[in-house]
Amino acid sequence: MLKQFSDLGIHESFQQSLSDLSISKPTDVQKKAIPVVLNKKDDLVVLAKTGTGKTAAFGLPLLQLTDTSETRIQTLILAPTRELGQQIFTNLHALAAANPEINIGSLCGGTPIKPQIERLKEATHMVVATPGRLVDLLKREVINLNHLKYFVLDEADEMITALKEEVDHIIKSIPKSRRTFLFTATMPGTIKQLIQNYMSKHVVQIEADMETTGHQGIDHQYVVVEPIEKLDVLLHFLNSKVGQRGIIFCKTKAAVNKLAKNLAINKFSSGAIHGSLSQGIRDRIMGQFREGHIDILVATDLAARGIDVKELSYVVNYHLPDTYEAYVHRSGRTARAGAKGLALTIIQEEEVVDIADFQDELGIKFKNLPKADAHSIEENNTLLWARKIFKTKPNREVSEDLKSQIKTIFHHLTKEELVDKILANYLAQNAKVLPTEAPSKKRKKH
DNA sequence: AAAAAAG
């Protein structure tokens, strides 16, 4: 007999929200974590793969445990990025739809702090926050966490390393008697020892869906290119994926800007997101991506963790991730909730050893995707050029007189003849200059 | 070295 949410102790009142969100059966992590959260005593460390429903695994039981007669904050959820914080807030809101008396607050940065301060004067049961903004609110003494009962660290490994200072500050402001729940998809060995410092009660450890090595739904591939071909190979790949959606990860903000500009020039349906953009722009781009108005998101590791966007069929690492964990999180943006997805990493020859490391360390098998041949790349570039023409808006500066002269020149041509001529023109302009001597040796040896 | 998180 398959377990239902009701078998885990979740009240019938959540049924409507769950079916509205098309959640029917509990996932492995939900089956294991929900009863522990509901047991009212233990702390919890949960290790579960990307895209397996961690938010609902703590969200549902914590919503159910909420005491609406208590007006002070009882639950705090911390996330490493504003986008993830907002996503968790939105999901909790949807899960709580049938219990409108539960008041949930969002305390993420990048948005005016005054309204948040005003809002905190009302009864609030649960808050989702990013660390920087919460520390700011604590220093201003406008938030009271003295009655906190439940403390969730999502992306716990990242929170207690990269954001350690803020998290430690926050922990000093919440009661020792609270229960602590850590959720993560990655647990580097170095983090394991740190965890004890954050717990205050008996700790239940849960590993969900971890019996198989590697994320089942992801097809891991890599392609080896010369640095100069990188963009062409990416454009070739993207042209084979038109109509599908995905994320392209770059190492730096500057690289994101540059690549996004290039995709825009080539008329791909794309947008960029990184930490130096205003929150307004970040929100707009994420919104457009979530709603399917944009097919391709170019991003830094800002978007690597937790972000859940429907129907992403691929992830591209335009630059290698820095850590094994970053690879897991980036590739985990695809193949969510049981779906399939492709994770393509574009590298140069020297980085093949890094792929071998990823294979060994993560226990996943990469396929070596043969690089598109020069002819096919050239054809692709021609297609991009045609699409660029097709999507170009008419230039209003051109005078009617000039336009009519040009029309006269082309007057007798059929559409097919016109296409032949502009294509021949393009090809002539882009004809390769043949090398006059053999290419020089790749690299000098010292 | 870079990314995130405060403004």
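Predicted model: local features only at pLDDT ≥ 70, side-chain atom pairs only at ≥ 80, totals over all residues.
**Entry 1: DNA strand B**

I started at the phosphates: a polar backbone atom of Gly275 sits 2.4 Å from a phosphate oxygen of DNA strand B. I'm counting polar contacts as pairs of N or O atoms within 3.5 Å; within protein, one must be able to donate a hydrogen and the other to accept it, and sequence neighbours count only if both atoms are side-chain atoms.

Residues are numbered from 1 along each chain as written, chains are lettered from A and ligands numbered from 1 in written order, and side-chain values use heavy atoms, leaving out hydrogens and water.

I found Thr300 with a side-chain N or O atom 3.1 Å from a phosphate oxygen of DNA strand B. For a base, I have Asp322, with a polar side-chain atom 3.5 Å from a base nitrogen.

Which residues come nearest to DNA strand B? Of the 21 around it, they are Gly132, Arg133, Lys253, Gly275 and Arg282; "near" here is a heavy atom within 4 Å. H6 gives the most, 4 residues (helices are DSSP runs of H or I, at least four residues; strands are E, at least two; numbered from the N terminus).

**Entry 2: second largest pocket**

I looked up its volume: about 710 Å³, the space filled by probe spheres set on grid points joined across faces, edges and corners. A pocket is an open set of points on a 1 Å grid over the protein atoms alone, where a 1.4 Å probe fits, with protein on both sides within 12 Å along at least five of seven lines; lining residues have an atom within 4 Å of a point.

The lining has 33 residues, and Glu158, Ala162, Asp301, Leu302 and Arg305 lie nearest the centre. They split into 12 nonpolar, 9 polar and 12 charged. H13 (324–331) is one of the helices supplying at least two, and its 4 residues are the largest share. Domain 1 (6–208) and domain 2 (218–374) both contribute, so this pocket lies between them; the bounds come from an automatic or database assignment.

Conventions: Nonpolar A, V, L, I, M, F, W, Y, C, P; charged D, E, K, R; others polar.
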